[in-house]
Amino acid sequence: MATLSSFPSTETEYSEDDVMEVSEASEDPESSSEVAVYGPGDYKEKFNPTDYLNFYYSNAAMPQGARVSLFVLPIFAHIMEETMAPEERFSMIDVGSGPTIYSAVCFRTLVRRIYLTDYVESNLTVLEEWLNKSKPFDWSTVISVVKRNEGGRPPNVWEVAKIEALCRQKVAKGGIFHADVHQPKVCPFEQMANREYDIMVSIFCLEAACSTFDEYRQAMKNMTNMLRPGGRLILGSVTEDSCYVAGMPSKERAVVFSLLHLTEQEIVDTLEECDFDLSTMRKYALNHEGVLYLMVSKRPRAKLAYTPGRFIRLS
């Protein structure tokens with residue numbers, strides 16, 4: 001059962017017909033006869049972006065079930081369009097985008113600059129190939145799904161091409177950069193037009209990059225330090241699971257990576273430690289599927305008023 005709610009208020013229920021409950025987190029590695037589970041340190045050598053994209057986002061894979069992110073992110077984008085003034089949503093950064101562009105598709109009309117970042121160089125290469133059209137993956141089905149979830153009739157081929165062109169335009173204004181959430185300086189800020197971002201997206205990233213809860217807490221702090229006070233974070237997380245399928249190079253072999261086992265409470269507690277206002281939190285969850293999406297605002301900067309001899313904190 002899917003749910004969307006404000007935290008900690010009562011959840012609003014959606015039926016399973018609203019979104020097919022298939023996601024990167026819910027594929028079952030046990031269905032493969034040969035499984036080797038890789039860890040966070042193996043991504044540069046063992047993660048294959050082509051296998052990942054073909055497994056989850058190819059035209060052949062998509063009819064098996066819409067990826068949950070393609071349903072949830074347009075909802076959050078609509079909420080932000082209604083609740084944030086245009087000058088408050090100039091930039092968006094996706095931390096751990098992998099080889100995917102769906103966040104750019106979902107936020108293409110909301111912001112002026114889009115930054116896609118990842119730790120794995122081969123993922124960045126795939127993104128660059130998409131941006132310069134040298135060897136682009138076919139995102140037409142994903143774009144069509146997002147457009148339909150935004151409302152209206154299914155787009156034709158020309159409308160899909162127009163949407164993808166706008167995505168390229170917004171990413172070209174931002175950029176594609178390396179990111180390492182284990183470093184205090186997550187991204188190469190000296191190469192980037194922005195150092196603080198209005199909107200941050202991170203989907204199924206930190207639990208794949210971390211081996212311990214302490215690592216996760218520090219990585220969350222490092223990552224969210226890039227979000228400006230008052231900015232919005234959209235966090236997609238896998239809860240209470242230990243691995244996910246990253247592709248099927250052959251019918252007999254799945255490539256599986258480990259995940260840090262996290263509870264929803266641990267995630268929420270970590271966000272509170274990182275100065276997020278939990279009263280602003282909205283939640284979308286697939287009950288019993290271990291997939292959780294949160295949108296939450298970072299607390300604004302405290303205001304100081306000057307009186308002779310001292311400053312007074314106003315908020």
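Predicted model: local features only at pLDDT ≥ 70, side-chain atom pairs only at ≥ 80, totals over all residues.
How many nonpolar, polar and charged residues does the lining of the largest pocket have?

1. Start with the largest pocket, which has a volume of about 590 Å³. Its lining is made of 30 residues, and Tyr43, Asp118, Phe204, Cys205 and Ala208 lie nearest its centre.

2. Now for the opening question: by class, the lining of the largest pocket has 20 nonpolar, six polar and four charged residues.

3. Next, turn to the second largest pocket, with about 250 Å³ of space. Residues lining this pocket include Phe71, His78, Glu81, Arg108 and Asn149. Both α3 (68-83) and α6 (140-150) supply at least two residues of its lining, with the largest share, six residues, coming from α3. By class, the lining of the second largest pocket divides into six nonpolar, three polar and three charged residues.

4. Then there is the packing inside. In soluble globular proteins, nonpolar side chains tend to be buried together. The largest nonpolar core here has 65 residues, and the members touching the most others are Tyr57, Phe107, Trp139, Ile234, Tyr244 and Tyr293.

5. Leaving aside neighbours within four places in sequence, Phe107 is in contact with Leu73, Ala77, Met80, Met92, Ile114, Val201 and Ile234.

Methods:
Residues numbered from 1 in each chain as written. Heavy atoms only, no water. 1 Å grid on protein atoms, 1.4 Å probe; cavity = no way out; pocket = protein on both sides within 12 Å on 5 of 7 lines; lining within 4 Å. Points joined across faces, edges and corners; volume = space filled by probe spheres on them. Nonpolar A, V, L, I, M, F, W, Y, C, P; charged D, E, K, R; others polar. Helix = DSSP H or I, 4+ residues; strand = E, 2+ residues; numbered from the N terminus. Core = buried A, V, L, I, M, F, W, Y, C linked by side-chain atoms within 4.5 Å. Buried < 20%, exposed > 50% of the residue type's maximum accessible area, 1.4 Å probe, protein only. Contact = heavy atoms within 4.5 Å.
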